[in-house]
Amino acid sequence: MSEELGLTRRQALAAAAAICGVGALAAAGAAPAQAAGRLKVRLSAYPSLKKVGGVANVGALSGRQVAVVRTGKKTYVALDRTCPHAGAIVSASSGGWSCPAHGSRFDLDGDRVSGPTPSGLRKLRARVKRGVLTITG
Ligand code: FES
């Protein structure tokens, strides 16, 4: 393919990375990286996670919006932001989460507080190692 376009292999790979934005994001180290059902989040890229109770929306995993909550000095919870009632995306509000569609409320850990939702937000597996939170579905 690259020979047909008159590009070297290196030029073709650089162009492909630029189109995907992969090279720039990986080099910056700030954007979460997603691979094979796994989302890697560099915690230092999210100032809101420096304090306990801080919240950050960190991107998508398998098409689902993911948020991280710092629950302790070294503990975090990763949540699927999809409301279990009818699938709207919840937002952080007043020390918890609220659903814009029908008003369900969840505490900061994603547990149900009120509204028509049958359950809390789905919690994802999250593991911290060397400042990187690895989230899996
Ligand atoms: S979709 Fe969230 S309360 Fe209905």
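Ser62 is partly exposed, with 14 other C-beta atoms within 10 Å; a residue counts as buried with 20 or more other C-beta atoms within 10 Å of its own, exposed with 12 or fewer, and partly exposed in between, the C-beta atoms being placed from the backbone. The model is predicted: local features need pLDDT of at least 70, side-chain atom pairs count only at pLDDT 80 or more, and totals for chains, interfaces and linings use all residues. Residues are numbered from 1 along each chain as its sequence is written.

**Loop residues with positive phi**
- Ser62 lies in the loop between strand 3 (55–61) and strand 4 (64–70), strands being DSSP runs (E, at least two residues) numbered from the N terminus.
- The phi of Ser62 is near 55°, a positive value in a residue other than glycine.
- Ser94 belongs to the loop between strand 6 (91–93) and strand 7 (96–98).
- Although Ser94 is not a glycine, its phi is positive, at about 50°.
- Ser94 counts as exposed because it has 8 C-beta neighbours inside 10 Å.

- Seven strands make up an open sheet with antiparallel pairing, in the order 1-2-11-10-5-4-3; two strands pair if DSSP finds at least two bridges between them.
- Strand 1 (33–35) and strand 3 are at the edges with a single partner strand each, so one side of each has no neighbour in the sheet.
- On average, neighbouring strands of this sheet are turned by 25° against each other, direction ignored.

**Strands 5 and 10**
- Strand 5 (residues 76–80) pairs with strand 10 (residues 123–129) in the antiparallel sense, over two bridges.
- Leu79 stands opposite Lys123 in strand 10.

Note on methods: Helices (H or I, at least four residues) and strands (E, at least two) are DSSP runs, numbered from the N terminus. Axes are lines fitted to C-alpha atoms, for helices over the stretch in contact, and angles run from 0 to 180 degrees between N-to-C directions.
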